[in-house]
Amino acid sequence: MPRALDVTVVVPPSLRALFEGRREVTLGVPANTTVGEILETLLRLYPLLRQHFAGDQPVTGGLFVQVALDEPSLEDLSSGGTGLSTGGRLILFSLSRPSPGVRPGA
């Protein structure tokens, strides 16, 4: 049986209301868990987060979520690994979506 990992998800202030006020969420997951599976888990645990991910529906402004990994995780991912290890950090941050009809940089 694969060993479990503890992965910490860092939540920015602008998204904490979606995470019940938490600054971080630590998930115990199987060793072979991928970054995509972590995101799926977060969406199950915190369903309001879904509205802030890019999708097929047109957007009308507001925040959207970006995901980043710490350097060791990126190195693991680039060498064919899952990108996750015990103590790894998956960092969420949010950016503002432009309102309809507003050109970026204008």
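This is a predicted model: local features need pLDDT of at least 70, side-chain atom pairs count only at pLDDT 80 or more; totals for chains, interfaces and linings use all residues.
**Stop one: the rings**

Select Phe-19 and Tyr-46. Their rings sit 4.6 Å centre to centre with 40 degrees between the planes, which makes the pair tilted. (Rings of Phe, Tyr and Trp, the last by its six-membered ring, pair if their centres lie within 6.5 Å; planes under 30 degrees apart are stacked, over 60 edge-to-face, and the rest tilted.) Phe-19 belongs to the loop between β1 (4-10) and β2 (24-30), and Tyr-46 to the loop between α1 (35-45) and β3 (62-69), so the pair ties together parts that are 27 residues apart in sequence. (Helices, H or I of at least four residues, and strands, E of at least two, are DSSP runs numbered from the N terminus.) Both Phe-19 and Tyr-46 are buried. (Buried means under 20% relative accessible area, exposed over 50%, and partly exposed in between, with a 1.4 Å probe and protein chains only.)

**Stop two: the charges**

Next, select Arg-22 and Glu-20. They form a salt bridge, with the closest N and O atoms 2.4 Å apart. (The term asks for a side-chain nitrogen of Lys or Arg within 4 Å of a carboxyl oxygen of Asp or Glu.) The structure holds 1 such bridge. Colour by accessibility here: Arg-22 is partly exposed at 36%, whereas Glu-20 is exposed at 60%.

**Stop three: the helix**

Now show α1, where Val-35, Ile-38, Leu-39, Leu-42 and Leu-43 are buried. Look down the axis: these buried residues fall within an arc of 140 degrees, so they line one face of the helix. (The arc is taken over the directions from the helix axis to the C-beta atoms.)

Stay with Val-35, whose relative accessibility is 15%. Beyond its neighbours within four places in sequence, Val-35 contacts Leu-69, Thr-82, Leu-84 and Leu-90. (Contact means heavy atoms within 4.5 Å.) Draw a C-alpha to C-alpha distance from Val-35 to Leu-69: 9.1 Å in space, across 34 residues in sequence.

**Last stop: a strand residue**

Finally, pick Thr-8 in strand β1. Thr-8 is buried at 12% relative accessible area. Leaving out residues up to four places away in sequence, Thr-8 touches Glu-24, Val-25, Thr-26, Gly-88, Arg-89 and Leu-90.

Conventions. Residues are numbered from 1 along each chain as its sequence is written. Side-chain values use heavy atoms; hydrogens and water are left out.
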